[in-house]
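Biologist: I would like to go through this model with you, one question at a time. Could you begin with the terms and then turn to the residues?

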Amino acid sequence: MTMQREIQVICGNVNIPNLSGFLKSINSIASENDVIIQGLNADLIAGERHLHFAVGKALRAIAAGRNIANDPGIEIMRYASGERQIERSFSIGLCKGENNAVFVLLGKMDNLVLALSALKELITEKPCSELLAYSDYKKQGILSVFGITDAEIEASGEEHIPELVIERVALADFAK
């Protein structure tokens with residue numbers, strides 16, 4: 001399965017009254033345009049480096065046949081959450097209600113352009129640099145999802161929380 005894929009990322013706010021209905025809309029945009037779309041909770045992403053590192057790890061795992069999830073989108077979510085177990089990776093996904101969201105799209109560039117334009121109908125676009133940046137606002141959620149301890153923060157300093165998250169992503173292949 002070595003097709004040449006481009007990667008696009010779009011961020012924004014989205015209000016999701018019905019999660020399964022919203023995910024169905026995303027899936028139909030994806031299948032109509034022959035692309036993969038994975039939505040993630042931007043409030044649980046510890047910076048652009050975290051997202052890019054996770055996407056890279058997921059794509060390399062798929063290319064090497066080491067992926068755990070059959071769906072490349074789920075594999076991206078699994079790495080982004082630093083989890084080996086698929087079920088546990090959903091903690092970093094979108095949820096019902098107001099979401100700061102980041103969508104990762106994979107596919108051929110012509111198809112991505114069409115998918116992005118359909119996706120823009122569903123979200124209020126915001127700069128990714130703004131929504132993905134690590135901030136105090138994200139701290140509690142990130143500490144909780146990634147299981148970062150006070151001892152780790154004490155040892156490395158609060159400013160290193162994004163690096164601790166990236167370490168979790170790096171270890172996703174080996175975690176329990």
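Modeller: Buried means under 20% relative accessible area, exposed means over 50%, and partly exposed lies in between, with a 1.4 Å probe and protein chains only. This is a predicted model, in which local features need pLDDT of at least 70 and side-chain atom pairs count only at pLDDT 80 or more, while totals for chains, interfaces and linings use all residues. Residues are numbered from 1 along each chain as its sequence is written, and side-chain values use heavy atoms, with hydrogens and water left out.

Biologist: Is N41 buried or exposed, and which residue's backbone nitrogen lies 2.8 Å from a polar atom of its side chain?

Modeller: N41 is found in strand β2, residues 36-41, and at 13% relative accessibility it counts as buried. Contact means heavy atoms within 4.5 Å; leaving aside neighbours within four places in sequence, N41 is in contact with I92, G93, L94 and N100. A polar contact is a pair of N or O atoms within 3.5 Å; within protein, one must be able to donate a hydrogen and the other to accept it, and residues adjacent in sequence count only if both atoms are side-chain atoms. The backbone nitrogen lying 2.8 Å from a polar atom of the N41 side chain belongs to D43.

Biologist: What is the order of the strands in the open sheet?

Modeller: Two strands pair if DSSP finds at least two bridges between them. Strands β2 and β3 (residues 97-107) pair in the antiparallel sense over six bridges, whereas β1 and β3 pair in the antiparallel sense over 11 bridges. The open sheet of four strands, with antiparallel pairing, has the order β2-β3-β1-β4.

Biologist: Why is β3 described as largely enclosed by the rest of the structure?

Modeller: In β3, V102 is the bridge partner of L40, L105 has I37 opposite, and L106 has I7 opposite. The strand is largely enclosed because the buried residues among its 11 number nine.

Biologist: Which residues form the aromatic pair that is tilted?

Modeller: Rings of Phe, Tyr and Trp (its six-membered ring) pair if their centres lie within 6.5 Å; planes under 30 degrees apart count as stacked, over 60 as edge-to-face and the rest as tilted. A search of the whole structure finds one aromatic pair, with 6.4 Å centre to centre and 50 degrees between the planes. One partner lies in helix α1 (residues 19-33) and the other in strand β3, so the pair ties together parts that are 81 residues apart in sequence. The two residues are F22 and F103.

Notes. Helix = DSSP H or I, 4+ residues; strand = E, 2+ residues; numbered from the N terminus.
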